[in-house]
Amino acid sequence: MRCPFCEHTELRVIDSRAVQDGNSIRRRRECERCGRRFTTFERIEENLPMVVKKDGRREPFNREKLLNGLRLACRKRPVSTSQLESFVDSLERSLIAAGQREISSRSIGEKVMAGLRHIDQVAYIRFGSVYHAVEDVEAFGRLVTLLNHDGTGSDLQSSSDDQPKSDEGSS
Ligand SMILES: [Zn+2]
């Protein structure tokens, strides 16, 4: 990033705050050369905590991977894409509000499960059956994508036959 006045690249952040809609962060910056101040708006991902995987690796929070996994869990269920997107939006907002630099993939999975339970019971069970096996939201997306590409995962529910709570008819 460059100073819009003198194009100097050394900039100091003097204030950051979440914008009211929660989708971006407003930063007040000051140029170290000319001393002028200006405001930038940044997309939310840059301020999200790093996700600590089970094996200790760290990765940036990946909204698309999570959405992909949620869409697959909600396949053929009465859940709209915009419902899932606003769910992920609120998850991102809560992660930012918590202000942690790192979060375990397990904690994210638990938050996702807690939210999904209110959105759709079947999707919750589907997600949970795979998620608890891999303990990794992102791995869930990869796993389900893989199954679908193989053509063997057309019915996600079949992979959770051993789940005692998978009672679709009760909701
Ligand atoms: Zn400047």
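Let me start with helix H3, where in this predicted model the buried residues are Ser105, Ile108, Gly109, Val112 and Leu116. These residues cover an arc of only 95° around the axis, which puts them on the same side of H3. If you turn to the face of H3 that points away from this buried side, you find the exposed residues Ala114 and His118 there.

What does H3 pack on? To answer that, I need the sheet first. Three strands make up an open sheet with mixed pairing, and their order is E5-E4-E6. Strand E5, residues 58-60, and strand E6, residues 102-104, are at the edges and have a single partner strand each, so one side of each is left without a neighbour in the sheet. On average, and with direction ignored, neighbouring strands of this sheet are turned by 35° against each other. H3 packs on this sheet, where it touches E4 and E6, and the direction of the helix makes about 70° with that of E6.

Staying with the pairing for a moment, strand E4, residues 50-52, runs antiparallel to E5 and is joined to that strand by three bridges, and within this pair valine 52 has arginine 58 of E5 as its bridge partner.

Now to another pair of strands. Strand E1, residues 11-18, has eight residues, of which the number buried is zero, so the strand lies largely in the open. Seven bridges connect E1 with strand E2, residues 24-31, and the two run antiparallel; arginine 17 stands opposite arginine 26 in E2.

Finally, I would like to point out two backbone angles, bearing in mind that most residues other than glycine have a negative phi. Glutamate 7, which lies in the segment before E1, has a phi near 65°, a positive value in a residue other than glycine. Is glutamate 7 buried or exposed? With 10 other C-beta atoms within 10 Å, glutamate 7 counts as exposed, because the cut-off for that class is 12 or fewer. The second case is lysine 76, in the loop between helix H1, residues 63-73, and helix H2, residues 81-98. Lysine 76 has a positive phi of about 60° although it is not a glycine, and this residue is exposed, with 10 other C-beta atoms within 10 Å.

Note on methods
Residues are numbered from 1 along each chain as its sequence is written. This is a predicted model: local features need pLDDT of at least 70, side-chain atom pairs count only at pLDDT 80 or more; totals for chains, interfaces and linings use all residues. A residue is buried if 20 or more other C-beta atoms lie within 10 Å of its own, exposed if 12 or fewer, and partly exposed in between; C-beta atoms are placed from the backbone. Helices (H or I, at least four residues) and strands (E, at least two) are DSSP runs, numbered from the N terminus. The arc is that of the directions from the helix axis to the C-beta atoms. Two strands pair if DSSP finds at least two bridges between them. Axes are lines fitted to C-alpha atoms, for helices over the stretch in contact, and angles run from 0 to 180 degrees between N-to-C directions. Two residues are in contact if their C-beta atoms, placed from the backbone, lie within 7 Å.
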